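Visitor: Please show me the model, and then let us go through it by question and answer.

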Amino acid sequence: DAVVLATLPPGPYTVQAKGPVNQPNASGVVLIEIYDVTPNVAAAGRAANVSTRGAVGTGSNIIIAGFVVNGTASRRVLVRGVGPTLASFGVTGLLADPQITLIDQASGRTLRSNNDWAAGDDAGIIAAASTAAGAFPLANGSRDAALILMLPPGPYTVQLSGVNNGTGVGIVEVYDVDP
């Protein structure tokens, strides 16, 4: 296991998990966790976005991302599962038709799922929230997945999988889009 403790100024950061130098082709499941451990700060910062890119498989080999809404107030959250749009960044072997499922970890209940983000009634709201959050745009009519909703404090899980057991490279993103 590896641990890093760092004091970071506001800004974007990336964490990469790799195998050891003597085993550059090592593979397996990895869990990366990020915590704000600042003690007793009344006006602590907040993570505005977390995301992970990887190979989306089937069954237990889908991408799973967890996050927590802290505090006492509900937060407006944008969740995206992207495959096709990654082609514009030169990514190959893409997940052609991603679907996302949002689960309340406390109850185990599925809250919402989506595939084909632009087909929903909230496509305009999702597009505006994506722009406001600084996320790259999703093409209207793309098969990428997205949803936006208010979440009360608690732990949540996003599952990114492929429609009809599709596989390929995908990214799952979670944005806090509350002002």
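Visitor: What is the order of the strands in the open sheet of four strands?
Guide: This is a predicted model, in which local features need pLDDT of at least 70 and side-chain atom pairs count only at pLDDT 80 or more, while totals for chains, interfaces and linings use all residues. Residues are numbered from 1 along each chain as its sequence is written, and side-chain values use heavy atoms, with hydrogens and water left out. Strands are DSSP runs (E, at least two residues; helices are H or I, at least four), numbered from the N terminus, and two of them pair if DSSP finds at least two bridges between them. The pairing is antiparallel, and the order is E1-E8-E3-E6.

Visitor: Which residue in E6 stands opposite Arg76?
Guide: Strand E3 covers residues 75-82 and pairs with E6 in the antiparallel sense over seven bridges. E6 (145-151) is one of the edge strands, pairing on one side only. The residue in E6 opposite Arg76 is Met150.

Visitor: At what angle does helix H1 run to E3?
Guide: Axes are lines fitted to C-alpha atoms, for helices over the stretch in contact (heavy atoms within 4.5 Å), and angles run from 0 to 180 degrees between N-to-C directions. Helix H1, residues 123-133, lies across E3, E6 and strand E8 (168-176), and its angle to E3 is about 95 degrees.

Visitor: Is Val177 buried or exposed?
Guide: Val177, in the segment after E8, has contacts beyond its neighbours within four places in sequence, including Leu78, Ala129 and Ile148. Buried means under 20% relative accessible area, exposed over 50%, and partly exposed in between (1.4 Å probe, protein chains only). Because its relative accessibility is 14%, Val177 counts as buried.
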